[in-house]
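Please look at the sequence and structure below before reading on.

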Amino acid sequence: MKRTILSLALCALALCSCAQSRDWVTTWATALQIAEPHNRPPQPGLEGNSFRQIVQVSVGGTDIRLHLSNLFNETETEILGVEIARATTMGASPETVAGSSVALTFGGERGVTMAPGAEAVSDPVRFQLAPRENLAITIHYGKVSDLPLTSHPGSRTTSYIALGDTEDFSAPAASTAHWYTISAIDVLPVRQSGAICVLGDSITDGRGTTTDGQDRWTDQLSRSLLQDPRTRDLAVLNFGLGGNCVLQGGLGPTGESRYMRDLFGQCGVRYVILFEGTNDLGSGRPGAEIAEGIQAVWTRIAEEAHARGIKVIGATVTPAKGSFYERDGNGEHEKGRQLLNAWIRTADVFDGVIDFAAMVASQDDPDRLDPAYLFENDWLHLNAKGYEVMGSGIDRKLFY
């Protein structure tokens with residue numbers, strides 16, 4: 001079988017053309033990192049098998065194309081074929097709507113081999129996509145290494161492995177709540193559209209939400225925007241990574257190192273939301289020092305976004321009193337959070353502010369989360385109710 005081999009140069013060209021496109025809009029995307037040992041695919045693994053992943057898009061369109069990534073793999077990844085179909089659930093099962101499956105091609109070929117560090121973008125295909133529709137993406141793998149492997153561990157959505165090159169997932173061999181290889185979906189919208197990119201950590205990634213429930217705060221924001229004719233054509237793209245830091249340490253590439261790809265490498269970006277920092281502040285280093293470092297990165301991102309005609313919205317860091325970050329007793333996390341949030345609320349580098357901290361704080365103790373929103377009583381992450389408050393509480397006028 002003939003396959004296209006994509007190089008790093010072609011990957012860069014694809015990102016550049018996407019960023020400059022006036023037609024395509026990215027409707028779904030995810031942040032990428034190396035899969036940690038406990039987040040690798042379960043047996044029987046990906047190599048030689050088929051893998052179905054379910055995502056829920058934000059805006060609809062008439063045509064679609066899929067981005068695959070080999071960003072962190074150190075060997076080639078061989079894709080034998082890919083199909084998209086309408087999923088019957090938000091991830092609770094691998095079932096698809098009969099007759100909805102469409103095969104994708106890459107340079108006219110069914111398969112593609114991605115070089116280490118490269119990405120592949122499928123040829124456009126006609127596919128009538130509705131807002132918030134659930135899509136099943138089935139990848140048939142040839143050779144692929146899972147060490148290291150490009151992934152998004154916190155999918156909060158179940159994916160399914162079937163043995164061999166097949167579309168039959170009636171008896172999947174294994175399932176896992178992780179995404180691998182997929183990175184973005186673009187659509188040709190029916191009206192003039194655009195995208196909102198969110199840079200964040202586990203609170204944006206959805207730690208505490210419902211598996212297969214699609215109820216992260218970014219999902220709730222997307223649903224809110226769809227209710228307003230002035231914002232209904234704005235996609236919401238979630239670039240949250242659990243355990244992520246802006247400056248150094250943490251899990252996955254830092255916010256500072258990945259923002260160029262995640263925020264400016266998508267199609268049709270009109271807004272950026274910056275909502276990260278709690279893991280940096282919990283590092284044990286002086287809170288004022290951390291706050292100043294994040295301010296410098298946020299200022300740089302805002303300047304680069306404005307140069308591209310993109311508006312930037314700052315979001316305050318939510319309370320963490322009572323969490324493991326505050327149990328060391330030195331108070332540096334809270335000191336830094338207060339300094340950073342005061343700056344976000346008043347800095348002239350932003351085009352708008354979302355005060356998440358105020359939305360979810362306890363009325364009796366504003367340095368703590370409201371107990372009604374606690375996930376597993378860790379005093380750091382929110383439950384689905386808390387994320388609904390965050391997403392639905394954002395003023396849509398920020399995006400007029």
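A cavity is here a set of grid points where a 1.4 Å probe fits but cannot get out, and its lining residues are those with an atom within 4 Å of a point. The model is a predicted one, and it holds four cavities of 30 Å³ or more.

Two or more lining residues come from each of strand E2, strand E4, helix H3 and strand E18, whose ranges are tabulated here.

| Element | Residues |
|---|---|
| strand E2 | 25-29 |
| strand E4 | 50-56 |
| helix H3 | 217-226 |
| strand E18 | 234-240 |

By residue class, the lining of the largest cavity consists of eleven polar, seven nonpolar and four charged residues.

Strand E18 also belongs to an open sheet of five strands with parallel pairing, in which the order is E18-E17-E19-E20-E21. E18 and strand E21 (352-354) each have a single partner strand and stand at the edges, so one side of each is left without a neighbour in the sheet. From one strand to the next, the twist averages 20°.

Within this sheet, strand E17 (residues 194-200) runs parallel to strand E19 (residues 269-275), and six bridges join the two; Cys-197 has Val-272 in E19 as its bridge partner. Helix H4 (residues 255-264) lies across E17, E18 and E19, and runs at about 165° to E17.

Notes. Residues are numbered from 1 along each chain as its sequence is written. This is a predicted model: local features need pLDDT of at least 70, side-chain atom pairs count only at pLDDT 80 or more; totals for chains, interfaces and linings use all residues. Side-chain values use heavy atoms; hydrogens and water are left out. On a 1 Å grid over the protein atoms alone, a cavity is a set of points where a 1.4 Å probe fits but cannot get out, and a pocket is an open set with protein on both sides within 12 Å along at least five of seven lines; lining residues have an atom within 4 Å of a point. Grid points are joined across faces, edges and corners, and a volume is the space filled by probe spheres set on the points. Helices (H or I, at least four residues) and strands (E, at least two) are DSSP runs, numbered from the N terminus. Ala, Val, Leu, Ile, Met, Phe, Trp, Tyr, Cys and Pro count as nonpolar, Asp, Glu, Lys and Arg as charged, and the others, Gly among them, as polar. Two strands pair if DSSP finds at least two bridges between them. Axes are lines fitted to C-alpha atoms, for helices over the stretch in contact, and angles run from 0 to 180 degrees between N-to-C directions. Contact means heavy atoms within 4.5 Å.
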